[in-house]
Amino acid sequence: MHYDYLVVGAGLFGAVFARQMKDKGRKVLVIDRRDHIGGNVYTENRMGINVHKYGAHIFHTSDKEVWDYVNDFAEFNNYINSPVAVYKDELYNLPFNMNTFSKMWGIRTPDEAKEIINAQAEKEKERIKSEKGTTEFEAENLEEQALSLAGRDIYEKLVKGYTEKQWGRDCKELPAFIIKRLPMRFIYDNNYFNDRYQGIPIGGYTALVDRILDGIEVKTNTDYYKFMKLEDGLPVKPFTSCDGDSFDKIVFTGMIDEFFGYKLGTLEYRSLKFETEDLPEVDNYQGNAVVNYTERQVPFTRIIEHKHFEYGTGKGTIITREYPADWKHGDEPYYPMNDAKNNELYAKYKELADDFSDVYFGGRLGQYKYYNMDQIIREALDMSRSV
């Protein structure tokens, strides 16, 4: 059978692109190597709870077109992301706001908080300049950057350990640009995001993606590298599957370096490991959907209690501990390591991609860039209009 488009990946980017093409009258086939649609936003229902299998996903955006788009396929609740952080025996609200500062220093007013933060930050900058023998401050690593923005208390309790677990490196070994700023809110507001629209699709993300893909042919458990006829690892025209299907164009949402056989080198990623536990006899494990653990000695970064995303009140609960991990071939790549070295390598792959006609690369892995869900949808909508 002949198709206008082969879309590789049934995550948000692939699903939205396929929907747009379908609505334009194009014939589309979507494949995914996993046994389900939805990519990393996939949710599975257990014990009446929609479990975020690949980590917490909270939809938020200020892009009204994107918000209207997803609301065409699902009804969203009014969930507001308000995580808390555990440091030893202390509990703090996130993001950094007056509730955080009041708990940390026993103060009440914004001026008191600003005075403490500014004094600590200036002290750290003066110390760093003195140790380097310079008169001008310039952060050379993430630790120096964070200390200069937030001071010692916030850095030690809420930034250092969590960041080192997330990236698998000491903060002194991480580039300063990772933390260009640390958002400080001098109001008593625990809403993590500033976006106008926020929520969770009622019934889970899988149902949302399923509706987006309605009427579109999808094959799961289908590995692109086994599905397509390749020569030296690359598809040759006319694009043809091993089953004899043909395609005018390919939209690829997998790893761009893998597509080209890693010929220029391997891009680096961070991976995640999940430890999910069903607790049928516990109705409320931690009282919040997301609790971060900021000590370096605690091996996981956070615990997710899934039922709270949809205000579940039924018996039993399900929790997931999230462990950042080094990525190696065969692991799931979750976060691109967008440091200078990897961005330079990606730019070379992008040149190859630009010269590879009728193949379009999308999503976090295809474009080697961290995207939020709304940004993924925006990218897919824009690409569908430009090709």
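Which residues are buried in helix α2 (residues 64-71)? Select α2 and you'll find Val 66, Trp 67, Tyr 69 and Val 70 buried (under 20% relative accessible area, with a 1.4 Å probe and protein chains only). Helices here are DSSP runs of H or I with at least four residues, strands are runs of E with at least two, and both are numbered from the N terminus.

Before moving on, a note on the model: it is predicted, so local features need pLDDT of at least 70 and side-chain atom pairs count only at pLDDT 80 or more, while totals for chains, interfaces and linings use all residues. Residues are numbered from 1 along each chain as its sequence is written, and side-chain values use heavy atoms, with hydrogens and water left out.

**Stop 1: around α2**

Stay on α2, where Val 66, Trp 67, Tyr 69 and Val 70 are buried. Look down the axis of α2: the buried residues fall within an arc of 160 degrees (taken from the directions from the axis to the C-beta atoms), so they line one face of the helix. Now show what they pack against: α1 (12-23), β5 (59-61), β8 (197-199), α6 (205-212) and α11 (373-386). Then pick Asp 63, which caps the N-terminal end of α2, with a side-chain oxygen 3.2 Å from the backbone nitrogen of Glu 65.

**Stop 2: over to α11**

Select Asp 374, which sits in helix α11. Asp 374 is buried but has no salt bridge (a side-chain nitrogen of Lys or Arg within 4 Å of a carboxyl oxygen of Asp or Glu). Its nearest side chain of opposite charge, Arg 378, is 8.0 Å away (Lys and Arg count as positive, Asp and Glu as negative; His and the chain ends are not counted). Leaving out neighbours within four places in sequence, Asp 374 is in contact (heavy atoms within 4.5 Å) with Phe 59, His 60, Thr 61 and Val 66.

Also in α11 is Ile 376, buried at a relative accessible area of 10%. Not counting residues up to four places away in sequence, Ile 376 touches Leu 12, Phe 13, Gly 363, Arg 364 and Tyr 371.

**Stop 3**

Select strand β3 (residues 43-46) and β4, which pair in the antiparallel sense over four bridges (pairing takes at least two DSSP bridges). Glu 44 has Val 51 of β4 as its bridge partner. Between the strands are two residues, and Met 47 takes a positive phi near 55 degrees.

Key: Buried < 20%, exposed > 50% of the residue type's maximum accessible area, 1.4 Å probe, protein only. Polar contact = N/O pair within 3.5 Å; in protein donor to acceptor, adjacent residues only side chain to side chain.
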